[in-house]
Amino acid sequence: MAKPSQPYRTVDTRPSKDSLVKPGELVDLIEVTPLTLTDRRIYNQLLENAWEAIDKPVLHVIAKSDLRGSHNSNDRVGESIERLMSAIVKIEAVWDGKPAIERVQLLGGNLEMARADGLLEYEIPPRLRKIISNSTIFARLQREVMFALSSKYALTLYEMVQKRGNLRWRSSEKFSLEALRGVLGVPKGKLTSWSNLRMRAIDPAVEEVSALSDYMVEVQPIKTGRSVTHVELRWWRKDGEATGKVERALQFASTGRKAKAEGRTEEVTPVEGKPRPGWLDQQGTALKTQTYETARLRHPGYDIYYVEGEWRSWAAGKEPPADPDRAFLAFFRKFAEANPI
């Protein structure tokens with residue numbers, strides 16, 4: 001007699017070069033302690049770094065430089081780690097066949113090296129490891145989208161849609177207004193009216209996720225009497241043309257996207273961090289700030305200006321590209337594939 005098939009576990013899913021995996025239970029959690037956009041990004045990176053042994057009682061190590069993003073200081077990393085350590089979240093669970101609530105901490109003890117280029121040693125709390133080990137639903141997050149989204153509400157909405165997007169039998173889900181506020185991490189006492197919540201959190205998040213992800217998203221209010229008490233989250237996958245627009249939109253940081261939408265000309269400023277070397281000025285005008293930032297996010301660890309020099313040397317004598325920024329990013333992708341670090 002054949003044995004019943006075992007459900008596919010989230011921990012058996014592998015991250016890719018461009019994406020990471022997040023257990024579904026950690027997507028729809030309710031924050032008792034509010035987190036920031038930076039906290040959420042860093043936590044996703046910590047999960048990804050620990051993924052190969054995330055359900056094991058082991059210590060994980062990551063370079064602090066991998067968590068800093070575009071900031072030169074480790075102060076923000078330390079503040080996020082402390083908030084994650086003190087953060088308590090509520091996760092829906094099933095106990096003896098009945099609905100239950102689990103309250104867990106997101107991050108256990110850790111050790112931070114004092115050097116700016118040092119390491120962070122950390123652990124996943126035991127109860128959270130058990131939740132992750134038993135998980136069978138997950139969200140696959142595109143790393144590039146995660147760093148492009150400009151608010152914690154947009155990042156959370158993106159994770160919610162990525163968790164649900166591949167469910168063939170479902171394209172919408174209803175939430176009570178209070179449940180949605182909890183999942184989005186709206187602090188208590190903030191955005192208490194539906195109009196403020198929609199204007200300051202939901203609508204901007206829907207706009208960003210629809211622009212930058214593979215899905216179009218809607219959040220429609222549902223009234224009980226005259227008051228909005230519930231919402232319906234709807235999602236549908238984009239067609240080929242719309243998907244192409246996503247890739248173009250991801251080439252612009254939030255300021256660039258806003259300027260483009262408003263028809264303004266963007267002023268080119270140096271990318272945050274290492275300044276563009278003078279020798280490159282002799283080879284051509286600087287690319288857009290957003291292009292450098294996109295290259296840095298797509299290919300962490302590479303010297304973006306060295307690669308720009310390689311690109312300009314390769315392109316010398318050839319017909320100038322119609323879109324230099326897109327051409328550079330395409331060259332960078334091939335360069336990184338041929339020269340892994």
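Tyr306 has a relative accessible area of 45% and is therefore partly exposed (buried means under 20% relative accessible area, exposed over 50%, and partly exposed in between, with a 1.4 Å probe and protein chains only). The model is predicted, and local features need pLDDT of at least 70, side-chain atom pairs count only at pLDDT 80 or more, and totals for chains, interfaces and linings use all residues. Residues are numbered from 1 along each chain as its sequence is written, and side-chain values use heavy atoms, with hydrogens and water left out.

Over the whole structure, the search for aromatic pairs returns eight (rings of Phe, Tyr and Trp, the last by its six-membered ring, pair if their centres lie within 6.5 Å; planes under 30 degrees apart count as stacked, over 60 as edge-to-face and the rest as tilted). For Tyr306 and Phe335 the ring centres are 6.4 Å apart and the planes stand at 65°, so this pair is edge-to-face. Tyr306 belongs to helix α11 and Phe335 to helix α12, so the contact ties together parts that are 29 residues apart in sequence (helices, H or I of at least four residues, and strands, E of at least two, are DSSP runs numbered from the N terminus). Phe335 is buried, its relative accessible area being 15%.

A tilted pair is formed by Trp314 and Phe331, with 5.6 Å from centre to centre and 40° between the planes. Here too helix α11, which holds Trp314, is tied to helix α12, which holds Phe331, and the parts are 17 residues apart in sequence. Trp314 counts as partly exposed at 48% relative accessibility, whereas Phe331 is buried with a relative accessible area of 15%. Ring pairs join these residues into a cluster that links Tyr302, Tyr306, Trp311, Trp314, Phe328, Phe331, Phe332 and Phe335. The face of Trp314 also carries a charge: Lys318 lies over it, 4.6 Å from the ring centre (NZ of Lys or CZ of Arg within 6 Å of the ring centre and within 35 degrees of the ring normal).

The search for salt bridges finds 20 in the whole structure (a side-chain nitrogen of Lys or Arg within 4 Å of a carboxyl oxygen of Asp or Glu). One of them is between the side chains of Lys17 and Glu337, at 3.8 Å from N to O. Lys17 is in the segment before β1 (19-23) and Glu337 in helix α12 (residues 324-338), so the parts tied together are 320 residues apart in sequence. Lys17 is exposed, at 60% relative accessibility.

In another salt bridge, Arg276 meets Glu308 at 2.8 Å, N to O. The loop between α9 (254-261) and α10 (289-298) contains Arg276, and helix α11 (residues 304-315) contains Glu308, so this pair ties together parts 32 residues apart in sequence. Both Arg276 and Glu308 are buried. Elsewhere, salt bridges with shared partners join Asp28, Lys163, Arg164, Arg170 and Glu173 into one network. Within this group, the side chains of Arg170 and Glu173 meet at 3.5 Å, N to O. Arg170 is partly exposed, at a relative accessible area of 34%, while Glu173 counts as buried at 16%.

Val61, Leu111, Met113 and Leu119 make a nonpolar surface patch of about 330 Å² (patch residues have over 30% relative accessible area and no salt bridge; like charges are joined within 9 Å, and nonpolar side chains, namely Val, Leu, Ile, Met, Phe, Trp and Tyr, within 5 Å; areas come from the Shrake-Rupley method with a 1.4 Å probe, and for residues only the protein chains shown count as cover). Leu119 lies in strand β7 (residues 119-122) and counts as partly exposed at 38% relative accessibility.
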